[in-house]
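Hi,

Here is the structure I said I would pass on to you. Have a look at it first, and then read my notes below.

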Amino acid sequence: MSVQNVKSASIELKAAIEELFHSYADCIDNDELEQWPEFFTEECIYKIIARENYARNLLVCVIYCDSKGMLKDRITAHRHANIYEAHTYKHLVSGVRIVGQEGDAYLVRANYAVFQTRQDGITEVYNVGKYVDKVVFVDGEAKFKEKIAVYDTSMIPTLLVTPI
Amino acid sequence: MTKLGVDTMQITWPAEGFTRVPYEVYMDPSVYEQEQLKIYRGPTWNYLALDAELPQNGDYKTTFVGDTPVVVTRDSDGEIRAFVNQCAHRGATVCMDSCGNTKTFTCVYHAWAYDGKGDLKGVPFRNGVEGKGGMPDDFDPAKHSLQKLRIETFCGVIFGSFDPHVGPLQEYLGEKMCGYIQRVFNRPVRVLGYNRQSMNNNWKIYFENVKDSYHASILHTFFTTFGLNRLSQRGGIEMDDTGMHHVSYTYGSSDENEDAYKQANLRSFNSKYKLEDQSMLQGRKEFADGITLAIQSIFPGMVLQQIHNTLAVRQLLPKGPGHCELHWTYFGYADDDNNMTTIRMKQSNLVGPAGFVSLEDGGVGELVQRGIVRDKEKSSFVEMGGITVQSQEFRATETSIRGFWKRYRELMGY
Ligand code: FES
Ligand SMILES: [Fe+2]
């Protein structure tokens, strides 16, 4: 599929996509993780991948999901199976930009920083990177068909259990 | 006369021997210093890289032995080399990138240049400028190479040693451990990528965790939550003759005994949850022996894993008494078809810093480190499965942890 430039995306389109990014982050930061898979289309891809791997075309991710079912399994495991110290996230998402179009999907990029606060009350910059995403509209609603968090922070502190 | 610092620390090990571990060894800075000398620069072979990461002449990768920065290269003759990443002039690192391909390593500070063997090839202004300055007449570049490590490879796994007297690698590994390495590295591999993880605990706590088959089905509740695994699956622990390396293995679920598990009344028995996408665990039988899970540790800091179809090497690196890092290298085989690669990628969700069955390991080490902080003179209790160091055909044991401490104490002189 060829990639076209989106020169003059309408203000409405930009606003809808920005809203998607911000409500996505809001969902995670407010611990409404059961809703998190609903930001994706039925067939979807979600990856968190180190910049090093991404740049060298190496496949390994920290999280690799290629179906909505896998997203749901992540949350079931998060809630009921995995054991980890309670923590909260705050996402700062900036520079949401539509950089192209591929069929019915908009190619969207944004930068993010995730701050993590653990039980001891200390907040640290936990993970910083960029989103390399594909957004489509399903029944007028913006959804992620593909969301790839490419992180610069190549050293993951302790563990990663909450999605980014 | 006693030297200051590193040699003054004396650990009094509890009389019970390797069933006890004094908490002091996880915290004391001078213990950490001695480990760097007596273990990492001592008679050990340390994992450096996979042959498959350096396919071309001139390829290099930076890594560590203990906390010493090291460069591994394939030189212009195709030989694997390793040297300390420290300029022979004033000590700057001569290589900043994590990997690449080059004919020469040029230090950015004063541009001393070394070849892929680590030999000094060029010193700017060696004869001074307009007859003034420069190196003394007796300056001999041959005496200023980068510090070289001994290198040996086995089945495409590259190990390095600082000790000129350490025995051959295969002797160090022992026949049994060689067998398990060979089992995984039975044909050319293809590197699939890396993950890196840092932990706020002493390196030995993570290494003990790897050797601790007792915790596996208790702490890691993923399989049990989804009703996928039982502690009673057939498996065991094998060790080499010294006890310093180990393999913990499990056969695929055949003779499950649910009752025994329920009676143990573990919180982890619970299968009211189901995976939405079962494809994550659909794999292929890869090994004729029927082992679906094999975790092997090679002293002092390498872990080789087969967890279903995920294959990876973990390199454990100490970064101070209370910090360590884990560098994961995932791989498959060069002859994998696309489906197989997809299977490996899907299953990779099980492992790594976000792994369904390994993310807890990052957290528990920190719990130990936090818990023991004020009790250096107390010890941990390691008597599960008896008080001996021996191979066992069950996994409710800490035998391989005891093996680690046995060898550790010999090397450290405790
Ligand atoms: S420190 Fe490397 S050239 Fe001077
Ligand atoms: Fe574990």
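This is a predicted model: local features need pLDDT of at least 70, side-chain atom pairs count only at pLDDT 80 or more; totals for chains, interfaces and linings use all residues.

A disulfide would need the two sulfurs within 2.5 Å. Cys65(A) is in no disulfide either: its nearest cysteine sulfur belongs to Cys44(A), 7.8 Å away.

**Where the two chains meet**

How many residues does each chain bring to the contact? Chain B puts in 41 residues and chain A 35 residues. About 3300 Å² is buried between chain B and chain A, and carbon and sulfur atoms give 55% of that. On the chain B side, Tyr194(B), Arg196(B) and Met345(B) lose the most area to chain A, together making up 17% of what that side buries.

As for the polar side of things, there are 26 residue pairs in polar contact between chain B and chain A, counting pairs with both residues at pLDDT 80 or more. Several elements of chain B each supply at least two residues to the side that touches chain A: strand S12 (189-199), helix H5 (222-225), strand S18 (324-333), helix H7 (338-347) and helix H8 (359-371). The largest share, 10 residues, comes from S12(B).

The count of salt bridges between chain B and chain A is four. One salt bridge to look up joins Arg370(B) to Glu85(A), with the closest N and O atoms 2.8 Å apart. Those two residues also belong to a network of salt bridges that links Glu85(A), Arg118(A), Glu366(B) and Arg370(B).

**Salt bridges elsewhere**

Over all chains, the search finds 35 salt bridges. Take Arg79(A) and Glu34(A), whose closest N and O atoms are 2.7 Å apart. This pair links distant parts of the chain, 45 residues apart: Arg79(A) is in helix H3 (residues 68-81) of chain A, while Glu34(A) is in the loop between helix H1 (11-29) and strand S2 (40-50) of chain A. Arg79(A) counts as partly exposed at 29% relative accessibility, and Glu34(A) is partly exposed with a relative accessible area of 45%.

In chain B, Asp115(B) and Lys121(B) form a salt bridge with their closest N and O atoms 3.9 Å apart. Buried or exposed: which is Asp115(B), and which is Lys121(B)? Asp115(B) counts as buried at 14% relative accessibility, whereas Lys121(B) counts as exposed at 58%.

**Two hairpins in chain B**

Strand S10 (residues 150-154) and strand S11 (residues 157-161) of chain B pair in the antiparallel sense over five bridges. They form a hairpin with two residues between them, and Cys155(B) in the turn has a positive phi of about 55°. Glu152(B) stands opposite Phe159(B) in S11(B). Glu152(B) also forms a salt bridge with Arg150(B), at 3.8 Å between the closest N and O atoms. Glu152(B) is partly exposed, with a relative accessible area of 25%, and Arg150(B) counts as partly exposed at 29%.

The other hairpin is made of S13(B) and S14(B), with six residues between the strands; here Gly243(B) in the turn has a positive phi of about 90°. Strand S13 (residues 235-239) of chain B pairs with S14(B) in the antiparallel sense over five bridges, and Glu238(B) has Val247(B) as its bridge partner in S14(B). S14(B) also pairs with strand S15 (residues 291-298) of chain B, antiparallel again, over six bridges. There, Ser248(B) stands opposite Ile295(B) in S15(B). Five of the six residues of strand S14 (residues 246-251) of chain B are buried, so this strand is largely enclosed by the rest of the structure.

**One buried arginine**

Last, find Arg344(B) in helix H7 of chain B. Arg344(B) is buried, with a relative accessible area of 2%. Leaving aside residues up to four places away in sequence, Arg344(B) touches a set of residues that includes Leu192(B), Glu286(B), Phe331(B), Tyr333(B) and Asp336(B).

Cheers

Note on methods. Residues are numbered from 1 along each chain as its sequence is written. Chains are lettered from A and ligands numbered from 1 in the order in which they are written. Side-chain values use heavy atoms; hydrogens and water are left out. Buried means under 20% relative accessible area, exposed over 50%, partly exposed in between (1.4 Å probe, protein chains only). Helices (H or I, at least four residues) and strands (E, at least two) are DSSP runs, numbered from the N terminus. Two strands pair if DSSP finds at least two bridges between them. Contact means heavy atoms within 4.5 Å. Buried area is the accessible area (1.4 Å probe) that two parts lose on being put together, summed over both. A salt bridge is a side-chain nitrogen of Lys or Arg within 4 Å of a carboxyl oxygen of Asp or Glu. A polar contact is a pair of N or O atoms within 3.5 Å; within protein, one must be able to donate a hydrogen and the other to accept it, and residues adjacent in sequence count only if both atoms are side-chain atoms.
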